[in-house]
Amino acid sequence: MRPESKRWQVIVVGGGPAGSSAAWHCAQAGLEVCLLDRARFPRAKPCAEYVSPEGSRILDAMGALSTLEAGRASQLTGMVVHAPSGARIHGEFVARHGFRGFRDRGLGVRREVLDTLLLDRARAAGVVVVEEAKVEALSMHASGAVDGVSVRTPGGRAHLRAALVIGADGLRSVVARRLGLARQSRWPRRVALVTHYRGVEHMGTLGEMHVTANGYVGLAQVNDDLTNVALVVPTARARAMAGDAAGFLGAWLAAHPTLAPRFASAVRATPVRATGPFASRARRAWAPGAMLTGDAADFYDPFTGEGIYAALRGGELLAPFAAEAVRAISPRAHVSALTAYERARHATFGGKWRVERLIGMAVASPLLLNHAARVLSRDRDLADLLIGVTGDFVPPSAVLRPRTLLRFLS
Ligand SMILES: Cc1cc2nc3c(=O)[nH]c(=O)nc-3n(C[C@H](O)[C@H](O)[C@H](O)COP(=O)(O)OP(=O)(O)OC[C@H]3O[C@@H](n4cnc5c(N)ncnc54)[C@H](O)[C@@H]3O)c2cc1C
């Protein structure tokens, strides 16, 4: 069947975790879905490749978790953050606070593996997936509602029609930009370099963050015995890395007093990929005939490593509203479903956005982070609670309540 020969109920633009999850959940809700991605899978995606313990709940629902747990992912028990002062924040997912995630561990999994698996799960649910299909523009009905997409493929250009277009096309979403919804945040403006090394010494089951005044680097074991290395620096440093990303990353690691010896005999195993700048947040995550999810809707900073969970959860959250919008009997009912989606997003993610911003402020200021590290290195319960929030199974309200926030002032 040629995808342009019919009018789809839903077209999903983008086949990352947000797009696959949205497509899979919409298909489960009985909708006819076509997913378009400009890439051919497996494709690389610069990412620290950690999936939070609660992310496993949605991976399990989609039928992807057993494959990952059968050896295609490493297991992470918590996080350790090294502040510029040298103080350490150590938090684990299994702790005394009484909250438990769907799994007690997070996963470290290469995006080539994860994203291809999720796309296959969407296909198995009945989604028609078209790779190497780059969406270039949206088409509008006379009413002003989105009613299709213009696509470029190796075979030429095509126009596909749909009752609903879901923009899951990442940080520089063409759907968000064409709708005038994209908004770059002025802060934090950061860029990242990501690669894999083999043979980094003393890697354990904790994800690691090493923060300096010049940015931070994350290390985590992923599948295939590789260590994911993700360096994030302010955009002002981007010029210095232009042209020689590998040299820039190597010099950064070599200048770090505790990391340099651990990398002394390590060998880089994959190309160094650059991404950014972030952050961005859409003014709202819908327009008549369209919805946004995943990074296309909002992306803040990779420090807390929650984008994949937000992408998976976003697809799950969106599906009932998408079904309602597609089946609406009037434009008013259609818009009412989409505004309800916006409210649900705020109710679901609002607390996390606030915690992310507080952590982002601390990471941007060595003074603040050193203070937080001093407090958290003495208050292990508080550190576990915070790591549980970043693991998506402790409600953000548990750290945002005044009594808990006051513990940071001690
Ligand atoms: C340095 C770094 C480290 C990170 N580390 C972590 C981490 O450890 N854990 C975590 O949970 N999150 C992490 N994140 C965030 C995470 O990578 C994202 O939040 C996640 O990938 C969002 O998924 P998505 O599906 O919305 O977007 P993406 O994964 O970016 O997928 C978007 C898809 O859309 C496709 N596309 C784009 N434009 C078009 C178009 N015009 N037409 C058709 N297709 C298109 C792309 O090919 C792509 O496949 C990190 C991010 C960065 C930058």
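This is a predicted model: local features need pLDDT of at least 70, side-chain atom pairs count only at pLDDT 80 or more; totals for chains, interfaces and linings use all residues.
1. The volume of the largest cavity is about 30 Å³. Its lining consists of Tyr300, Asp301, Phe303, Thr304, Glu356, Ile359 and Gly360. By class, that lining divides into three nonpolar, two polar and two charged residues.

2. Ligand shell. There are 38 residues around the ligand, and Asp37, Tyr50, Arg111, Asp295 and Ile308 come nearest. The shell has 20 nonpolar, eight polar and ten charged residues. At least two shell residues come from each of α1 (17-28), β9 (134-140), β12 (190-198), β17 (273-278) and α9 (307-327). Of these, α9 gives the most, with three residues.

3. A nitrogen atom of the ligand lies 2.9 Å from a backbone N or O atom of Val135. On the oxygen side, a ligand oxygen atom is 3.0 Å from a backbone N or O atom of Ala18, and an oxygen atom of the ligand is 3.3 Å from a polar backbone atom of Glu49. The ligand taken alone exposes 1000 Å², of which the protein buries 96%.

4. A three-stranded sheet. An open sheet is formed by three strands in the order β3-β7-β4, with antiparallel pairing. Strands β3 (50-51) and β4 (74-76) are at the edges and have a single partner strand each, so one side of each is left without a neighbour in the sheet.

5. The β3-β7 pairing. Strand β7 (residues 106-108) pairs with β3 in the antiparallel sense over two bridges. Val51 has Leu107 of β7 as its bridge partner.

Methods. Residues are numbered from 1 along each chain as its sequence is written. Side-chain values use heavy atoms; hydrogens and water are left out. On a 1 Å grid over the protein atoms alone, a cavity is a set of points where a 1.4 Å probe fits but cannot get out, and a pocket is an open set with protein on both sides within 12 Å along at least five of seven lines; lining residues have an atom within 4 Å of a point. Grid points are joined across faces, edges and corners, and a volume is the space filled by probe spheres set on the points. Ala, Val, Leu, Ile, Met, Phe, Trp, Tyr, Cys and Pro count as nonpolar, Asp, Glu, Lys and Arg as charged, and the others, Gly among them, as polar. Two strands pair if DSSP finds at least two bridges between them. Helices (H or I, at least four residues) and strands (E, at least two) are DSSP runs, numbered from the N terminus. A residue is near a molecule or strand if one of its heavy atoms lies within 4 Å of it. A polar contact is a pair of N or O atoms within 3.5 Å; within protein, one must be able to donate a hydrogen and the other to accept it, and residues adjacent in sequence count only if both atoms are side-chain atoms. Accessible areas come from the Shrake-Rupley method with a 1.4 Å probe; for residues, only the protein chains shown count as cover.
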